[in-house]
Amino acid sequence: MSWRVGRRGRSQYVRTMRYPQGGGLTAERRAFREDVRMEAALMFAAGQDNSVVAKHLRVSVRSAQRWRAAWQDGGQQALRPRGRLPGRS
C-alpha cells in the first residue's frame, strides 16, 4: 500500500501488493523463525539480557524486547506463531 497524487492533485491511498510475487514466508522459513524465538525463550530463562540475546540470535534488540515481554506474559507458548489472520491469504 502506498500514497500517490491523484488526477485532481490530491494524495490518494493506493492498495498495491507489497511484494510482486505474493509475499509471505515459506513453511521452512516460518519454522526457522519459530526456532529462533524458542532459543530466545531459553536464553531469557537463563537470565540473559536482551542485548545479549539479540546479538547471539542476530536480531534487533527491539525484537528481543518484544519477545521477552510476550514470554513473561505467556511463556514459550506466547512465542509460537498464532496462524494466519482471518481474511488473509
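Visitor: Against which elements do the buried residues of α1 pack?

Guide: Buried means under 20% relative accessible area, exposed means over 50%, and partly exposed lies in between (1.4 Å probe, protein chains only). Contact means heavy atoms within 4.5 Å. In this model, the buried residues of α1 pack against α2 and α3. The model is predicted: local features need pLDDT of at least 70 and side-chain atom pairs count only at pLDDT 80 or more, while totals for chains, interfaces and linings use all residues. Residues are numbered from 1 along each chain as its sequence is written, and side-chain values use heavy atoms, leaving out hydrogens and water.

Visitor: Which residues of α1 are buried?

Guide: They are Glu34, Val36, Arg37, Met38, Ala40, Ala41, Met43 and Phe44. Just after α1, Gly47 takes a positive phi of about 90 degrees.

Visitor: How many helices and strands does the chain have?

Guide: Helices (H or I, at least four residues) and strands (E, at least two) are DSSP runs, numbered from the N terminus. The chain has 3 helices and 2 strands, running β-β-α-α-α from the N terminus on. Of its 89 residues, 20% are buried.

Visitor: Why does Glu34 count as buried?

Guide: Glu34 counts as buried because its relative accessible area is 18%. This residue lies in α1, which covers residues 27-45. Apart from neighbours within four places in sequence, Glu34 is in contact with Arg80 and Pro81.

Visitor: Which residues form the largest nonpolar core?

Guide: In soluble globular proteins, nonpolar side chains tend to be buried together. A nonpolar core is a set of buried Ala, Val, Leu, Ile, Met, Phe, Trp, Tyr and Cys residues joined through side-chain atoms within 4.5 Å. Here the largest such core has 12 residues: Val36, Met38, Ala40, Ala41, Met43, Phe44, Val53, Ala54, Leu57, Ala64, Trp67 and Leu79. Two or more residues come from each of α1, α2 (50-57) and α3 (61-74), and α1 gives the most, with 6. For Ala64, the contacts beyond four places in sequence are Phe44, Asn50, Val53 and Ala54.

Visitor: At what angle do the axes of α2 and α3 cross?

Guide: Axes are lines fitted to C-alpha atoms, for helices over the stretch in contact, and angles run from 0 to 180 degrees between N-to-C directions. The axes of α2 and α3 cross at roughly 120 degrees and come within 8 Å. Asn50, Ser51, Val53, Ala54 and Leu57 of α2 make the contact with Val61, Ala64, Gln65, Trp67 and Arg68 of α3.

Visitor: Where do α1 and α2 meet, residue by residue?

Guide: Val36, Glu39, Ala40, Met43 and Phe44 in α1 meet Asn50, Val52, Val53, His56 and Leu57 in α2. The axes of α1 and α2 come within 10 Å, crossing at roughly 145 degrees.

Visitor: Is Trp71 buried or partly exposed?

Guide: Trp71 counts as partly exposed because its relative accessibility is 21%. This residue is in helix α3 and, not counting residues up to four places away in sequence, touches Ala41, Phe44, Ala45, Gln76 and Leu79. Trp71 and Arg37 are 34 residues apart in sequence and 9.6 Å apart in space, C-alpha to C-alpha.
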